[in-house]
Amino acid sequence: MVVGIQIIGIIFGIGMLFFSYVYFRRKDFGPRDFLFWVIIWLAFIYAVSFPKQLNILLDTLGIVSALWLFTIVAFLILFALVFYLHVIVRRNQMKLGFLVKKLALKKIK
Amino acid sequence: MKTIAIIPAYNEEKNIERVIEGTKKYVNYTIVVNDGSIDKTVEKARKADLVLTHLVNMGKGLALKTGIEAAIQKKTDVIITIDADMQHDPDDIPRLLKEIKRGSDIVIGSRTIDKEMPFVLKFGNWFLHNSFKKLFKVNIKDTQSGFRAFKSSIYPQLKWASEGYAVETEMLINLNKYNLEYKEIPIKAVYTDKYKGTTPVDGIKIFLSMLLWKLKN
């Protein structure tokens with residue numbers, strides 16, 4: 001039987017799938033980004049719909065409950081995202097610095 | 001010996017004019033790098049020989065880089081860097097140049113620690129000085145001083161990646177790395193605005209950068 005919290009999770013997953021599609025159509029996402037997010041949201045919907053299927057994974061990884069699994073995965077994703085964002089910010093900062101310097105020096109040429 | 005002074009400035013409408021006037025007496029050319037100021041810094045800096053403008057504020061490190069690259073294009077022998085807040089006395093420039101003539105590659109004007117130095121700055125300088133000494137085994141009293149003179153020929157070795165206030169420390173690390181000849185001379189500093197310049201957060205960033213550079217080296 002599907003419980004209330006699962007319905008919310010499924011609706012959320014479908015909503016995010018829809019947003020991913022919208023971003024893809026607007027060309028904010030390339031095909032690779034779109035595919036990545038579709039896989040993520042489909043996996044999320046599957047995990048929410050059939051939580052008992054996760055038990056196999058939990059036993060393999062030696063994790064007590066699904067909640068722990070979600071927490072650990074969430075933290076891993078969070079750290080990876082912070083690192084990724086740091087790299088992007090640094091790269092953009094360098095590009096901006098290069099442009100600003102070049103524009104300032106244009107005056108003496 | 002052609003000497004060019006670089007004055008990086010960010011919102012320094014109150015002091016920039018006096019700094020330019022004071023500096024012009026001792027150098028052949030003055031370059032002000034307006035680092036995205038939103039006040040009247042550019043108008044007040046008209047007496048400088050050249051005013052270069054960063055469209056947005058990028059930090060002292062990049063402003064110095066822009067100024068120095070312009071100075072090198074102007075074929076200078078010596079570069080002077082001086083802050084735009086009138087913290088340094090331009091009348092000290094001849095003392096810095098004298099040491100360059102004596103053979104130093106770089107001369108650092110070290111601010112004397114006295115009653116006038118704000119407590120936060122005093123503590124920050126003490127902390128950064130000791131950290132630098134411990135990490136790099138170099139005893140430079142004022143690692144954060146922006147009042148310096150150096151031969152333009154050493155710029156390729158001194159060249160830094162920092163865009164903010166860590167530039168001064170990175171310069172020192174590079175001078176140590178390439179065994180450049182340096183000299184420190186005491187200078188008197190005037191603190192016109194204690195809320196400007198390096199903040200404690202900048203101090204922490206500089207310290208973290210030091211650790212990173214130590215690991216890299």
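Which residue in E6(B) does Ile79(B) stand opposite? In this predicted model, local features require pLDDT of at least 70 and side-chain atom pairs count only at pLDDT 80 or more, while totals for chains, interfaces and linings use all residues. Residues are numbered from 1 along each chain as its sequence is written, chains are lettered from A and ligands numbered from 1 in the order in which they are written, and side-chain values use heavy atoms, without hydrogens or water.

Strands (E, at least two residues) and helices (H or I, at least four) are DSSP runs numbered from the N terminus, and two strands pair if DSSP finds at least two bridges between them. In chain B, strand E4 (residues 78-81) is joined to E6 (residues 148-151) by four bridges in an antiparallel arrangement; here Ile79(B) stands opposite Phe150(B). Four bridges also join E4(B) to strand E1 (residues 3-9) of chain B, and these two run parallel, with Ala5(B) opposite Ile80(B).

In a regular strand, side chains alternate between the two faces of the sheet. On E4(B), Val78(B) and Ile80(B) lie on one side and Ile79(B) and Thr81(B) on the other, and all are buried (under 20% relative accessible area with a 1.4 Å probe, protein chains only).

Chain A comprises four helices and zero strands. Its radius of gyration is 21 Å, whereas a compact globule of 109 residues would have one near 13 Å; the value is taken over C-alpha atoms, and the globule rule is 2.2 Å times the number of residues to the power 0.38. The C-alpha atoms of chain A fill a box of roughly 75 × 35 × 20 Å along the principal axes. Of the 109 residues of chain A, 18% count as buried.

Terms used
Buried means under 20% relative accessible area, exposed over 50%, partly exposed in between (1.4 Å probe, protein chains only).
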